[in-house]
Amino acid sequence: MTGPFVLSRRGLLLGATVLAVAPSHGLAIADTVEPVSALKPGEFTWHPERSPYGPVAIVVSLPDQRVYVYRNGIRIGVSTCSTGKPGHDTPTGVFTILQKDKNHHSSTYNEAPMPNMNRLTWSGIALHAGQLPGYPASHGCVRLPMAFSANLFTVTHVGTPVIIADSATFPETVIHPGMVLSAEAEKDFDHTVSTLKEKQIPASPQAPYTPPATSIMISGADSRVIVLDDGEIVADGGATILQPSQPLGNHVFVLSHLDADDKELHWKPIGYSTDPKVAAQSADQSTLTRIRADRSINDAIRARMKPGVVLVTVDLPLSADSRTGKDFVILNDQHTV
């Protein structure tokens, strides 16, 4: 995380000193302050101005009953949540948002309202507004405070990655020298640099950022790479893993930006574990530089590369045990699909 204390909608806490925050721009800001760990059910923080543009990633921590929102690798929000109760456990793993519906009603639970719904699976798992009693109480969804869910709805898109985990690391920066998964990275980068410049994240709302819906999945277990657009496989091929005896680890990399001058890709990695007994491991540059893909895979990636592309590494095979078809869900191998 980026530090134990944050500016919340109740104020700012530095050590043991409480500072009152005055209203600004006509918005009323409450005068109490507390650390994220002390947020009570229904409370949240929201500061999109910390990172106004760029790709979003969401981490749901089941032990903490917290949702963390990152934009361009910078944390812009934290909220309390309520996940699945015993017998209706929220599935762990990596998801991408499949559908958004601001005024959704459940087709499973008597048309129950689910405002600001971000769908994670077609079987009914979603992020949405709901009651927060302070413990897991849902039928599998991730319930959020109403105001926070409305804020979140404004920054997500179809394809936004959502990591639901028992433990997770939080974004830093991994720099890859050139095009990812290519043995001739610098040469490949030269071939596409003019196109990549046009795909940079804009610096103003006059040229709004259009996120991609491209995901790249890499399995160290079966040396395989698949590239997906909107859940449809557009490329599937082999991979060479350098130092194959060393696990790749479970990581989600979100492409932050491209440095055309230095021929570098800047990624924001999030490590995760879906096993409560196993801690999440941080990624480093070697994680990406150990992977080489077939030429057809590199061609597909190069054509789609832009900020917001999601790359996932797993040590499970890319089979029905780890992916649920067009849902693009990488599940704990204890789950069946």
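Guide: D299 and R302 are 3 residues apart in helix α4, so about one helical turn separates them. An α-helix has 3.6 residues a turn, so residues three or four places apart point the same way. Helices here are DSSP runs of H or I with at least four residues, strands are runs of E with at least two, and both are numbered from the N terminus. This is a predicted model, in which local features need pLDDT of at least 70, side-chain atom pairs count only at pLDDT 80 or more, and totals for chains, interfaces and linings use all residues. Residues are numbered from 1 along each chain as its sequence is written, and side-chain values use heavy atoms, with hydrogens and water left out.

Visitor: What do the side chains of D299 and R302 form?

Guide: Side chains of opposite charge can pair when their charged atoms come close. A salt bridge requires a side-chain nitrogen of Lys or Arg within 4 Å of a carboxyl oxygen of Asp or Glu. D299 and R302 meet in such a bridge, at 2.7 Å from N to O. R302 is buried, with a relative accessible area of 17%, whereas D299 is partly exposed at 34%. Salt bridges with shared partners join R295, D299 and R302 into one network. Buried means under 20% relative accessible area, exposed over 50%, and partly exposed in between, with a 1.4 Å probe and protein chains only.

Visitor: How many salt bridges does the whole structure hold?

Guide: A search of the whole structure finds 4. In one of them, R224 pairs with D236, the closest N and O atoms being 2.8 Å apart. R224 belongs to strand β16 and D236 to strand β17, so this pair ties together parts 12 residues apart in sequence. R304 forms a salt bridge with D229, with 2.6 Å between the closest N and O atoms. That pair links distant parts of the chain, with R304 in helix α4 and D229 in strand β16, 75 residues apart.

Visitor: Which residues have the most contacts inside the largest nonpolar core?

Guide: A nonpolar core is a set of buried Ala, Val, Leu, Ile, Met, Phe, Trp, Tyr and Cys residues joined through side-chain atoms within 4.5 Å. The largest one has 27 residues, and V180, L181, W267 and M305 have the most contacts inside it. Among the elements that each supply at least two residues of this core are β17 (232–241), β19 (264–273) and α4 (295–304).

Visitor: Where do the buried residues of helix α1 lie around its axis?

Guide: In helix α1 (residues 146–153), the buried residues are F148, S149, L152 and F153. Seen down the axis, they fall within an arc of 140 degrees, taken from the directions from the helix axis to the C-beta atoms, so they line one face of the helix.
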